[in-house]
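Please look over the sequence and the 3D structure shown here before reading on.

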Amino acid sequence: MSATHTSNRRVLSGMRPTGALHLGNYLGALKNWTQLQYQYECYFFVADIHALTTGYDDTSNIESNTWEMVIDWLAAGLNPANSTMFIQSRVPEHSELHLLLSMITPLGWLERVPTYKDQQEQLRDRDLATYGFLGYPLLQSADILLYKAAYVPVGEDQIAHVEITREVARRFNHVYGRERDFEAKVEKAIKGLGSRNGTQYKELRKLYQEQGDAQALEKAQAMLAGNARLTLADRERLQGYLEGTGRSILIEPEALLTATPKVPGLDGRKMSKSYGNTIGLREDPDSVARKLRAMQTDPARVRRTDPGDPDKCPVWDLHKIYSDAETQAWVQQGCRSAGIGCLDCKKRVSDVLVAEITVIRGRAQEFEENRDLVKAIIAEGCEKARDVARQTLEEVHQAMGMNYR
């Protein structure tokens with residue numbers, strides 16, 4: 001792992017603006033974000049440009065959907081003091097880096113992304129024969145590479161998107177990493193380490209390159225990571241020189257695999273607005289309780305006295321998320337023996353779920369009543385994100401020979 005990675009704790013992730021979120025959005029991604037923000041340097045963005053890749057023909061709800069979603073982010077626990085929240089289109093560097101990367105990305109790389117054909121099948125009612133839809137994985141890559149994120153939280157089904165990002169970064173660094181006067185700039189950067197550290201760096205590089213000494217590589221990487229006097233560009237030059245490559249302008253991210261619980265909708269299918277089977281994060285608690293009482297269960301339990309199988313019941317998936325071991329054992333034994341009824345089973349999980357949504361709903365109301373605060377949080381996040389994005393794009397321009405005045 002490179003020095004940039006060992007010192008880089010930056011995470012990036014985004015969501016398309018679909019409006020107010022439901023329980024599936026929260027448990028599938030948002031709850032994980034609220035935990036990551038205390039472990040990493042997190043950037044979370046509203047992917048409004050991505051929304052155009054499948055919904056370019058009707059943009060009437062993008063603005064309202066964006067603010068409703070951000071309110072849910074804040075209500076769920078995203079903290080502007082611990083994470084940077086911003087809107088993709090307000091950082092135009094996303095679009096420019098996407099364009100520049102498109103110049104070097106082979107068409108075949110985009111066509112082989114699994115979700116390209118999958119979404120075409122799922123969204124047959126929409127015209128997806130557009131460059132934007134074909135290129136959306138590259139826009140995702142630009143999103144990640146622009147912030148030099150070390151980690152991208154994904155489920156196993158999204159690893160392909162991280163892999164193409166790594167390939168794009170690798171190709172860019174191969175094509176443009178050997179900058180003009182590279183060796184001279186490296187020597188100048190070594191002097192910037194100071195006499196003692198400079199000598200040690202050269203010795204460690206020699207040990208690694210001539211003897212393959214992995215410990216020497218790690219020591220040199222740690223030295224670079226801990227030297228506050230180095231500019232980011234010089235650190236990357238010294239890293240590339242250490243490993244025998246050119247300068248790494250763009251960082252290859254790693255997938256941060258996250259466990260994604262199965263969140264069933266009220267009809268047993270995946271929870272989705274398109275199915276009309278959702279529980280909203282700001283839904284009235286009485287409505288949530290009613291919905292859960294009517295939720296589909298194991299079809300074998302026609303009568304109260306019929307034994308059931310929790311593994312065939314979507315309510316059991318909610319118990320696996322919300323209930324403790326004792327309650328789960330009670331469900332397993334009681335359902336299989338018909339010792340408990342479905343309403344008894346639902347009531348246990350309903351109480352916990354409703355309590356959580358009640359808290360989120362209360363927080364959301366505070367932000368709904370102070371939308372100026374919500375907009376100020378996002379404005380500040382956009383400014384911070386753009387500062388980082390500008391720096392990366394400047395380095396990209398320099399590497400591509402486009403920084404002339």
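This is a predicted model: local features need pLDDT of at least 70, side-chain atom pairs count only at pLDDT 80 or more; totals for chains, interfaces and linings use all residues.

Residues are numbered from 1 along each chain as its sequence is written, and side-chain values use heavy atoms, with hydrogens and water left out.

**Cavity.** On a 1 Å grid over the protein atoms alone, a cavity is a set of points where a 1.4 Å probe fits but cannot get out; lining residues have an atom within 4 Å of a point. Points are joined across faces, edges and corners, and a volume is the space filled by probe spheres set on them. The count is 1 cavity of 30 Å³ or more, and the largest cavity has a volume of about 80 Å³. Its lining includes Thr-297, Asp-298, Trp-316, Cys-335 and Cys-342. Helices H17 (325-337) and H18 (342-368) are the elements that give two or more residues to this lining, and H18 gives the most, with 3 residues. Helices here are DSSP runs (H or I, at least four residues) and strands are runs of E (at least two), numbered from the N terminus.

**Cysteines.** A disulfide is a pair of cysteine sulfur atoms within 2.5 Å. The count of disulfides is 0.

| Residue | Relative accessibility | Class |
|---|---|---|
| Cys-42 | 2% | buried |
| Cys-335 | 9% | buried |
| Ala-364 | 0% | buried |

The closest cysteine sulfur to that of Cys-42 is in Cys-382, 17 Å away, which is too far for a bond. For Cys-335, the nearest cysteine sulfur is that of Cys-342, at 6.4 Å, and Cys-335 is in no disulfide.

**Helix H4.** Among the buried residues of H4 are Trp-67, Ile-71 and Ala-75. Their cover includes strand S1 (10-15), helix H2 (23-36) and H18. Just after H4, Gly-77 takes a positive phi of about 125 degrees.

**Ala-364.** Ala-364 lies in helix H18. Leaving aside neighbours within four places in sequence, Ala-364 is in contact (heavy atoms within 4.5 Å) with Ile-71, Ala-75 and Arg-282.

How values were computed:
On a 1 Å grid over the protein atoms alone, a cavity is a set of points where a 1.4 Å probe fits but cannot get out, and a pocket is an open set with protein on both sides within 12 Å along at least five of seven lines; lining residues have an atom within 4 Å of a point. Buried means under 20% relative accessible area, exposed over 50%, partly exposed in between (1.4 Å probe, protein chains only).
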